[in-house]
Amino acid sequence: MLNGFFETLTEQFILNFIDGGRWKFIANGLVVTLKVTLFAAALGIAIGFIVAFVRTTHDKTGGFKIMNVICKAYLTVIRGTPVVMQILIIYFVIFGSVNIDKTFVAIIAFGINSGSYVAEIARSGIMSVDNGQFEAGRSLGFNYVQMMWRIIAPQAFKNVLPALCNEFITLLKETSVCGYIALQDLAKGGDIIRSVTYSPFMPLISVALIYLALVTLFTFLTGKLERRLRDSERRFYN
Amino acid sequence: MNGDFIIEAINVTKRFGKIKAVDGVSAGIAKGETLVIVGPSGSGKSTFLRCLNMLETPESGTVLFNGVDITSKKIDINLYRQKIGMVFQHFNLFPHMTVLKNMTAAPMKLQKKKESDAVEKAMALLSRVGLADRALAYPYQLSGGQKQRVAIVRALCMEPEVMLFDEPTSALDPEMVGEALDVMKDLARGGMTMAVVTHEMNFAREAASRVIFMDEGKIVEENSPDNLFAAPASPRLKSFLAKIL
């Protein structure tokens, strides 16, 4: 009985991954997924921190009126629509008439999407810094940008690092909808194998396990980081 | 009025919602004098002090720094703030920087001082307040009294023409109040121009050249410390002194 189970498993493994070099769907897909995730995360952090800077500056000083309206509209639209719709619209509507690299489209779409969440994380980080820090910076004669960059940003970044790591994990899993524009990422790779071999168990479970392994790795790293932050947390008692 | 004032407030009013925190206050700080502002909580003394370097923007009235109207939108307030040091109740040291970096960041960035010069100046000031050995410590490693001494010398690193103290000892444990006050007395003796909002009447007695008593956003009484404490004229000052002395 047990013997039979292992035999089936081996057969399945050979059918799904070895025959016709099908493991390449998984391997190449994994590369695409990691590429999209990393570049989209970088883009998202850049967009997010700029939006957060505009929004908090407006809240604190009343400046950037028009920019603030644009940022708010961006947040409303991007957070109010599914990421699948966003990537479809960017691929088929915005870049519909040009031949464009799908990986690039995915990076743009997920970067813009992630940016809206990072923006709110970063904003809460800036708001979490004690008002006395702003006042001390201003009383020394720093202008607003110098103060934000040298005094507020380092403290805000430290406060939101765990939340940023969490957003990164979410982003990694969300990229699995890349298949909607026929970009062959990790999830799509598993699905292609399934559609060829008509044997869903092995490819789909494998892909899910790879995602799980990646997320577990990042969670572990985040946990380590959080512990290190907690050790130095005392310094925030003034 | 007097041309010798380093900072002069003329008819300054600041409102928070419907409450007039500062109500038409005029006062000047002359070069080398230590002006102490006392009064019950909510009397507007801190708000008034914060109007002097525009941390609060007055609704009306003028603040002159060496004769220049710093409430004007045409001036760059940051340039004037470099010349007006401020010390806060809660110290507000930058927690992600060492003591030394706290002190050298502004002179290096804003006054374009060379690092070696800024460090030399900072170390000299730290020695003066007995904290040279804590230069590389982070703020969380310091006691409250040490933090406040660092905050004072951080402001001094910019070589300000006047120092504003906003209840500098109110957040300190009783046994640490003395060390902060000693530094301030030392400064006053050295001829620094200072405005101090405080509840420490002994400091006012010993170090003040002039004391202002504020209540409900207005200056009620103004006198030399000897006269003000020995012979309070207004009933409000009398009852205030009776409560705290």
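The model is a predicted one, in which local features need pLDDT of at least 70, side-chain atom pairs count only at pLDDT 80 or more, and totals for chains, interfaces and linings use all residues. Residues are numbered from 1 along each chain as its sequence is written, chains are lettered from A and ligands numbered from 1 in the order in which they are written, and side-chain values use heavy atoms, with hydrogens and water left out.

Two strands pair if DSSP finds at least two bridges between them. Strand E7 (residues 162-166) of chain B runs parallel to strand E8 (residues 193-197) of chain B, and five bridges join them. Both belong to an open sheet of six strands with mixed pairing, in the order E6-E7-E8-E3-E9-E10 (chain B). Which strands stand at the edges of this sheet? They are E6 (84-87) and E10 (218-223) of chain B; each has a single partner strand, so one side of each is left without a neighbour in the sheet. From one strand to the next, the twist averages 20°. Helix H5 (residues 144-156) of chain B packs on the sheet, where H5 touches E6 and E7 of chain B (contact means heavy atoms within 4.5 Å). The direction of H5 makes about 170° with that of E6(B). For such angles, axes are lines fitted to C-alpha atoms, for helices over the stretch in contact, and the values run from 0 to 180 degrees between N-to-C directions.

**The four-stranded sheet of chain B**

Chain B also has an open sheet of four strands, ordered E2-E1-E4-E5, with antiparallel pairing. Here E2 (19-30) and E5 (68-69) of chain B are at the edges with a single partner strand each, so one side of each has no neighbour in the sheet. Strand E1 (residues 5-16) of chain B is joined to E2(B) by eight antiparallel bridges, and to E4 (residues 60-65) of chain B by five, also antiparallel. In the hairpin of E1(B) and E2(B), two residues lie between the strands, and B:Gly17 takes a positive phi near 65°.

Some bridge partners to look for are these:

| Residue | Partner | Strand of partner |
|---|---|---|
| B:Ile7 | B:Phe65 | E4(B) |
| B:Ala9 | B:Val63 | E4(B) |

**Where the two chains meet**

How many residues of each chain are in contact? The count is 22 residues of chain A with 28 residues of chain B. The area buried between them is about 2,200 Å², with 58% from carbon and sulfur atoms; this is the accessible area (1.4 Å probe) that two parts lose on being put together, summed over both.

One salt bridge is counted between chain A and chain B, formed by the side chains of B:Arg50 and A:Glu135 (2.6 Å, N to O). The term means a side-chain nitrogen of Lys or Arg within 4 Å of a carboxyl oxygen of Asp or Glu. On the side of chain A that touches chain B, helix H6 (131-140) and helix H7 (144-174) of chain A are the elements that give two or more residues. H6(A) provides the largest share, eight residues.

**A salt bridge within a helix**

Over all chains, the count comes to 19 salt bridges. One of them links the side chains of A:Asp191 and A:Arg194 (2.8 Å, N to O). Both residues lie in helix H8 (residues 186-197) of chain A, three residues apart, about one turn of the helix.
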